[in-house]
Amino acid sequence: MVTSVMPTYGRIDIAFERGEGSYLYSTDGRRYLDFASGIATNSLGHAHPHLVAKVQEQAGKLWHVSNLYNIPEQQRFADRLVANSFADTCFFCNSGAEAMEGALKVARKYHFVNGDADREEMVCATGSFHGRTLATLSAGDNDKYREGFGPRPGGFTHVAFGNLNEMRAAMSDKTAAIVVEPIQGEGGINPATSEYLQALREIADEFGALLVFDEVQCGMGRTGHLFAYEISGVAPDIMALAKGLGSGFPVGAVLASEKGASGMSPGTHGSTYGGNPMAMAAGNAVLDVMLEDGFLDTVQKNGTYLRQQLEAVVSRHPKVLESVRGTGLMQGIKCVKPNLELMTATREAGLLTVVAGDNVLRILPPLTVSKGEIDEAVGYLDTAFAAASD
Ligand SMILES: *Cc1c(COP(=O)(O)O)cnc(C)c1O
């Protein structure tokens, strides 16, 4: 008999009662240091006092009115995202897949209104993940996720991530956009080089195509920069955000330059919940914290420290670990032993981590993590990996 919750997940048999900062407390009374952060989503940890206060305050006033009306909190959030990014305009939705789906629509509509209706093709990268809707599954590169779900939305091709020859060869006057994650998350924490992103920008411009970045996982401070693209200095035309944007409250966004969004006019896209007052209170509260003087500098400093410590961990356990890769507080350990087995071992030692593709163990602490908590995590990793080396 099917379970009342549709059995789409292979779940770990733990439930959590509450969280505080970087820690989660399970219903069976254990404390865990949370370096999974709800899959890079609890950007400010658990029960952050400023977020709790702002969301509680909003909850007593107004939850939802729909986009039939002006939503001042949405206007404010959009203004602040625009002021702090390449973008001139924002569309709000509720998840990463929805943000990417919106980004693809914005890109195609740009060509449609500019007299190029048959520019529909998206050139995407191997190893990418963009969500679980039908179109974002087509944009992503995981056949297992697509199997059994009928015809795939057309117009998507894939070239090797990082390979400019393949990218160039795939471009044509039918290309609507190049679509990449500046740092691939689910695929196994694969950062694009700045040279690669710069070349993608040039190729897109040369072929009259748009450049779409999926920063659902690598955006919102994770790298120590508000957005990962800032590291390369390469601005996209369109960018998808979600995960850390609401620090656990469901919020997604499509950001675009004026040019990128030039196809969008009243009636072209929508979402009932998108940008509602509750979600916008959460998003604005997240920005309050991330835009504070020194916040992102501290993320960078702690990211460098975490990286150094992880390199040392890998060198201490060569039988089970191979290397470290990533940027800031988005790090991945390439494993020798199966990553699932090592994730279980770290959890038993007291540290929550999360697996990714390519046999990688992701280390994704809240951006509010302290140096002391990183040291504590390293202790758990050493315990787990020493046991796994026997
Ligand atoms: C998680 C993720 C998505 C999908 O987000 P959902 O909120 O699960 O729909 C899309 N793109 C990237 C890069 C992601 O990491």
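1. Cavities. By the rule used here, the count comes to two cavities of 30 Å³ or more. On a 1 Å grid over the protein atoms alone, a cavity is a set of points where a 1.4 Å probe fits but cannot get out; lining residues have an atom within 4 Å of a point. Grid points are joined across faces, edges and corners, and a volume is the space filled by probe spheres set on the points.

2. Basis. This is a predicted model: local features need pLDDT of at least 70, side-chain atom pairs count only at pLDDT 80 or more, and totals for chains, interfaces and linings use all residues. Residues are numbered from 1 along each chain as its sequence is written, and side-chain values use heavy atoms, with hydrogens and water left out.

3. Largest cavity. The largest cavity holds about 50 Å³ of space. Its lining consists of Leu134, Leu137, Ser138, Arg146, Phe149, Gly150, Pro151, Arg152 and Pro153. Helix α5 (residues 134-139) gives the most, with three residues. Helices (H or I, at least four residues) and strands (E, at least two) are DSSP runs, numbered from the N terminus. By class, this lining has five nonpolar, two polar and two charged residues. Ala, Val, Leu, Ile, Met, Phe, Trp, Tyr, Cys and Pro count as nonpolar, Asp, Glu, Lys and Arg as charged, and the others, Gly among them, as polar.

4. Second largest cavity. Its volume is about 40 Å³. Among the residues that line the second largest cavity are Ser128, Phe129, His130, Asp141, Asn142 and Tyr145. Leu137 belongs to this lining and to that of the largest cavity.

5. Second largest pocket. A pocket is an open set of points with protein on both sides within 12 Å along at least five of seven lines. The second largest pocket has a volume of about 660 Å³. It is lined by 26 residues, and the closest to its centre are Gln74, Thr89, Cys90, Phe91 and Phe92. α3 (72-83), β4 (89-93) and β12 (252-256) each supply at least two lining residues. The lining has 14 nonpolar residues, 12 polar and no charged.

6. Seven-stranded sheet. This open sheet has the order β4-β12-β11-β10-β7-β5-β6, with mixed pairing. β4 and β6 (156-159) stand at the edges with a single partner strand each, so one side of each is left without a neighbour in the sheet. Neighbouring strands are turned by 20 degrees against each other on average, direction ignored. Two strands pair if DSSP finds at least two bridges between them. Strand β11 (residues 238-241) and β12 pair in the antiparallel sense over four bridges. Met239 has Leu255 in β12 as its bridge partner. α3 packs on this sheet and touches β4 and β12; its direction makes about 130 degrees with that of β4. Contact means heavy atoms within 4.5 Å.

7. Helix pair α3 and α10. α3 packs with helix α10 (residues 277-290) at an angle of about 35 degrees, with their axes 9 Å apart. Axes are lines fitted to C-alpha atoms, for helices over the stretch in contact, and angles run from 0 to 180 degrees between N-to-C directions. The crossing of α3 past α10 is left-handed, meaning that the near helix is turned anticlockwise from the far one by less than a right angle. On the α3 side, Glu73, Gln74, Arg76, Phe77, Arg80 and Leu81 meet Pro277, Met280, Gly283, Asn284, Leu287 and Asp288 in α10. By class, this contact has five nonpolar, three polar and four charged residues.

8. Four-stranded sheet. A second open sheet runs β13-β14-β17-β16, with antiparallel pairing. The edge strands, β13 (321-327) and β16 (354-356), each pair on one side only. The twist averages 30 degrees from one strand to the next. β13 is joined to strand β14 (residues 330-335) by six bridges. Gly326 stands opposite Gln331 in β14. Helix α11 (residues 295-316) packs on the sheet, touching β13, β14 and β17 (360-363), and its direction makes about 170 degrees with that of β13.
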